[in-house]
Amino acid sequence: MKSIQSRLLIMLLMFIILPYFLSVFLIYSYTKNSVEQHELENSREQIQESSEELEQYFNEMIDLPYILYRDPELFRIFNNEIDDSAYLEKSLENYFLMRKEIRQVRLYLDKGKESLAVYNGMVSARKSKPDFLEQNTINELYDTNVKYPLEPPHPIENYNEAAIVPQSDNSTVMTFHHKIVDVLSNEFLGILTTDIDLDVYAQICQNLLQEDEETVMLVNENANVIYANDQELIGKPVTSDIKQKMNTSGGKSEDIILSKTLTGPLQNWKLVKITPSEVLFQEVRKTAYTSILVGIGVGLLGVLMISMITYKITHPIKQLTQKVRSIEGGDTHAPFDDSRTDEIGYLEKHMKEMMDRINRHIDREYKLEIENKENQFRALKSQVNPHFLFNSLQSIGAVALRSKAPHVYQLVTSLSKMMRYSMKANKWVLVHDEVNYIEAYLMLQKERFRNNVNYSIKISDTILQMTIPSMILQPLVENFFKHSYEEGFHEAHLTIHGEIQGKVLQLAVENDGPSLTDEELHELRSNIYTAPYEGTYSEKHIGLKNIHDRLILNYGHDASLEVDTIQGQGFLVKISIPLQSKLAQ
């Protein structure tokens, strides 16, 4: 039940706080979209500029070897027409010094199958390379029309195993291979290999970065990372995660991802920029969080204001509600203040009169009903006087022992156990005790019918340790003998079993002896389920009705007793007891 104060708070939430936060959400969404669009346009312009710079830079590096074509003297050396090692070395040294990012140059001369290298301005001696063209990259360059393959970044190599390259140099370089051919005859003359630092084109890529958390990559056509601001990615294949981000370029995702496919010597290469949403929307989120905190403050002030205004109005109503709840809890003598002259006083006055009438009705009806139930149970107990029988059985047992009749003593002991247990009538006992009582009763019946008694008890140890009212199952077993064995059905089988289904304990007593017709079963159910002292019912099934009424008295209507036939044969009694009751204590 919602109080008036809670309703006022809900109204505050609906008409003040909720619209405020809705407006904050709309403003945040609009600002987020605007920032995203602005960042997209800005990043597109930057990536376009960087792409053009990269294409221009690599064009320059690819075209750099063509300077050698302007020197006829070099081509005479390449064709082996003259042998001028000093001039060749000087030309290579000049080529090395043309760009500061060149780290190493190697020239392979096909005529003599020799190569020489330039490192740090120093030229190595010539070295024979008969297997040079068998290298994968070189062989591809030699057999195809490709003139300048680019190798991904890799550690610098000592091409001629010369002493001019120190072992401590672990620089990462990118390599260009340029095929030298005779312009007129198109004859293959050699290959010029150039190693360059990553610094220049790395700086071009770095210009795209505005935040430390952003990522920029240059990826070649074979999906190898030529450059990335994360050094661990350089020279390695693109991961599947990065590939997926590249394929969703420009789409809506957690990050803004842009890529540009390059042209010219970098045909099918991609320049990729990834901007995390955490960086992109950091300022927007700060603004939204500030607005939310302001809204929370406004809401708390509103709640305080509403609470103060409504206290004097709702406090008397709350007191009246507490009195009603105490009545629900069983306190039928809750004090009511009928001295007030307002609407609350009017309600309290009439509720006090109503409770007086209810209390009189309880005294007259409910208490009388409980007393009648107690009298009825005492009448059931008075059928056998346990104290008298217990004392008598002790005397009989002593005589049996003196007469050397142990079997008689065993039977007397079983009956004594029954009498001792019957003294616990109307008390709470373990299921284990109830079963022991039944087994003692069955032992006496087996002696009576000369061991011709068929029964089985299937109850788990968990159920045996639970608590139930005494004398719940035994009357059902007694009914079995009364309506089966005593009427000549000596082959009938008695089964007692129990199981836990959800939050309910199910105890069942069934037999395959005589059954009831549908009319008899209907009459039996009417007798059992008739409310006490309402209508009339037969007293021949007083045991079943007594068990049913005791279950309702102890557990309420969550408990039940059901009677039925087993597909028209035999008879079944099922008892259902909720586990939340005293059973679980």
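**Close-up views of a predicted model**

**View 1. The hairpin of β2 and β3.** In this predicted model, two residues separate the strands of the β2–β3 hairpin, and Asn120 has a positive phi near 55 degrees. Strand β3 covers residues 122–123 and pairs with β2 in the antiparallel sense over two bridges. Tyr119 stands opposite Met122 of β3.

**View 2. The hairpin of β1 and β2.** Strand β1 (residues 102–109) and β2 run antiparallel and are joined by six bridges. One of the paired positions is Val105, whose bridge partner in β2 is Val118. Four residues lie between the two strands of this hairpin, and Lys113 in the turn has a positive phi of about 55 degrees.

**View 3. Strand β2 and its pairing with β4.** Strand β4 (residues 127–128) is antiparallel to β2, and the two pair over two bridges. Here Glu114 has Ser128 in β4 as its bridge partner. Strand β2 spans residues 114–119; five of its six residues are buried, so the strand is largely enclosed by the rest of the structure.

**View 4. Leu411 in helix α11.** Helix α11 runs over residues 406–422 and includes Leu411. The relative accessibility of Leu411 is 15%, and because buried means under 20%, Leu411 counts as buried. Leaving aside residues up to four places away in sequence, Leu411 touches Met443, Leu444 and Glu447. For Leu411 and Leu444, the C-alpha to C-alpha distance is 6.3 Å, although they are 33 residues apart in sequence.

**View 5. A nonpolar surface patch with residues from α1 and α8.** Ile10, Met11, Met14, Phe15, Ile16, Val294 and Val298 make a nonpolar surface patch of about 650 Å². The elements that give two or more residues to this patch are α1 (4–63) and α8 (282–328). Helix α1 supplies the largest share, five residues.

**View 6. Phe15 within the patch.** Phe15 lies in helix α1 and is one of the residues that make the nonpolar surface patch. The relative accessibility of Phe15 is 59%, and because exposed means over 50%, Phe15 counts as exposed.

Definitions and conventions. Residues are numbered from 1 along each chain as its sequence is written. This is a predicted model: local features need pLDDT of at least 70, side-chain atom pairs count only at pLDDT 80 or more; totals for chains, interfaces and linings use all residues. Side-chain values use heavy atoms; hydrogens and water are left out. Buried means under 20% relative accessible area, exposed over 50%, partly exposed in between (1.4 Å probe, protein chains only). Contact means heavy atoms within 4.5 Å. Two strands pair if DSSP finds at least two bridges between them. Patches are made of residues with over 30% relative accessible area and no salt bridge: like charges are joined within 9 Å, nonpolar side chains (Val, Leu, Ile, Met, Phe, Trp, Tyr) within 5 Å. Accessible areas come from the Shrake-Rupley method with a 1.4 Å probe; for residues, only the protein chains shown count as cover. A salt bridge is a side-chain nitrogen of Lys or Arg within 4 Å of a carboxyl oxygen of Asp or Glu.
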